[in-house]
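You asked for a quick read-through of this one before we talk. Have the structure open while you go through the points.

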Amino acid sequence: MAEIVPLSEAVRDLVRDGDVIALEGFTHLIPHGVGHELIRQQRRDLTLVRMTPDVIYDQLIGMGCARKLVFSWGGNPGVGSLHRLRDAVEHDWPVPLWLEEHSHAGMAAGYAAGASNFPFGVVRGYEGTDLAMRTNVAWISCPFTGERLAAVPAIRPDVGVIHAQQADRAGNVQLWGISGVQKEVVLGAKRSIVTVEEVVAQLEPRPGAVILPAWTITAVCVAAGGAHPSYAHGYYDRDNAFYVRWDEISRDRDRFRKWMQRHVLETSDVNEYQRVLRDREASPV
C-alpha cells in the first residue's frame, strides 16, 4: 500500500545509483519536482527512460546523473534542441551518455507489455528504417499469418515516477486531462513515486480520469507545483516563457551550472524552488 511521505524521503529510500528510472507525463503533469530531488541527492549512473525527454531530462543529464537515455524523441518542446543532452552525446560532458532510441509506438508497446507482465510488446514499426539496426528490437513472425513484426522489450523500470493532481488519504491517486503512459509506468515498475498537487479527503470521480489504487503505488508525495514548467490541468498553466528562457540558459555550461546551483541545489524542496523562481523571475541567472 502507498505511504504518504515527504518527497526527499521517497527519493532517498526508493532510488539507488545505477537504477533504471522513468519519469513520465505527456505535455502536462511532468514530474519536474522529482527530477530536482534526484539532482539534490546526487544520484548517479541512472538509466533514464522517457518517451519525450525534455527540460527535466536536460537538467538531469547536465548535472551528471545519467549514463544512458532510452527515448523516442528529445527536445525543448516548441523551442528547439536540448543543449545539455547534445553536449553529453557530442562531447561527453559532464559524462558520456549512451542512447537507445525507439519510435513512440515502440516505447508505448514496451510500457504496455511491462504493465501487463509480458516479456515484450509487438508493433509494425521499425521495418525498413536504420533505427531497427541501432536499437533494441527483435523480429518475430506472427504464428497465424506469418507477418514479420517488431518485438520491443517490456519496459520495467526499477522506479516509475509520475505527477498527478490528487491523492486521497489512503494513497489512491487520480489524474485527469491528457494522459500518456502514466498508468503503465507505475504498473510496470518495481517501485513507484507519485507526486500530487494535493491530498484530499475523498477523490471525486471525473470523466476520463485515470485512477491508480494505493496498492499499485509505493510512495505518494505532496509537491504542489511539482510539474512546473509543464502544466497541471485544473491547477496551473504551462509556463511557456520558461521553455524559451531555458534555451538560452542551457546553451552555456557555466550559465547552466549557476542556474542549477541557485534554483535547485540551494533550494530544499519544491516550495522553495517555486519561491526562488518567483523572486528571481526577472533575472533567471
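Predicted model: local features only at pLDDT ≥ 70, side-chain atom pairs only at ≥ 80, totals over all residues.

1. Local features are called here where pLDDT is at least 70, and side-chain atom pairs count only at pLDDT 80 or more.

2. Let's start with the cysteines. How many disulfides does the structure hold? The count is 0. Cysteine 65 is in no disulfide, and the nearest cysteine sulfur, 18 Å away, belongs to cysteine 221. A disulfide calls for two cysteine sulfur atoms within 2.5 Å, and the sulfur of cysteine 221 is too far from that of cysteine 65 for a bond. As for cover, cysteine 65 is buried at 0% relative accessibility, and cysteine 221 is buried with a relative accessible area of 0%.

3. Two cis peptide bonds deserve a look on screen. Tryptophan 93 and proline 94 are joined by a cis peptide bond with omega about 0°. Proline 94 sits in the loop between helix H4 (83-91) and strand S5 (98-101). Histidine 228 and proline 229 are also joined by a cis peptide bond, here with omega about 15°. You'll find proline 229 in the loop between S13 and helix H8 (240-249).

4. Next, some positive phi values. Threonine 27 is not a glycine, yet its phi is positive, near 75°. That residue is in the loop between strand S2 (20-23) and helix H2 (32-40), and threonine 27 is partly exposed, with 34% relative accessible area. Aspartate 45, again not a glycine, has a positive phi of about 60°. Its place is the loop between H2 and strand S3 (46-50), where aspartate 45 is partly exposed at a relative accessible area of 45%.

5. While you're around H2, check how covered it is. Of its 9 residues, 9 are buried. Glutamine 42 follows H2 and has a positive phi, near 55°.

6. On to charges: a search of the whole structure turns up 17 salt bridges. One of them pairs glutamate 24 with arginine 50, whose closest N and O atoms are 3.6 Å apart. Glutamate 24 is in the loop between S2 and H2 while arginine 50 is in strand S3, so this pair ties together parts that are 26 residues apart in sequence. Buried or exposed, these two? Both glutamate 24 and arginine 50 are buried. The pair also belongs to a network of salt bridges that links Glu24, Arg50 and Asp54.

7. Arginine 134 pairs with aspartate 130, with 3.8 Å between the closest N and O atoms. Here arginine 134 is exposed, at 53% relative accessible area, and aspartate 130 is partly exposed at 46%. Glutamate 272 pairs with arginine 275, the closest N and O atoms being 3.5 Å apart. These two are 3 residues apart in helix H10 (residues 270-279), so about one helical turn separates them. Glutamate 272 is partly exposed at 22% relative accessibility, and arginine 275 is partly exposed at 38%.

8. On the surface, look for a nonpolar patch. Which residues form it? Ile4, Val199 and Val222 do, with about 210 Å² of accessible area together. Valine 222 is in strand S13 (residues 219-222) and is partly exposed, with a relative accessible area of 48%.

9. The largest pocket holds about 240 Å³ of space. Its lining has 17 residues, and Val49, Val70, Glu100, Ala154 and Ile155 lie nearest its centre. S3, strand S4 (66-71), helix H5 (104-115) and strand S8 (148-153) each give two or more residues to that lining. S4 makes the largest share, with 3 residues.

Note on methods. Residues numbered from 1 in each chain as written. Heavy atoms only, no water. Patch = residues over 30% accessible without salt bridge, like charges linked within 9 Å, V, L, I, M, F, W, Y side chains within 5 Å. Areas by Shrake-Rupley, 256 points an atom, 1.4 Å probe, with all protein chains shown as cover. Salt bridge = Lys/Arg side-chain N within 4 Å of Asp/Glu carboxyl O. Helix = DSSP H or I, 4+ residues; strand = E, 2+ residues; numbered from the N terminus. Buried < 20%, exposed > 50% of the residue type's maximum accessible area, 1.4 Å probe, protein only. 1 Å grid on protein atoms, 1.4 Å probe; cavity = no way out; pocket = protein on both sides within 12 Å on 5 of 7 lines; lining within 4 Å. Points joined across faces, edges and corners; volume = space filled by probe spheres on them.
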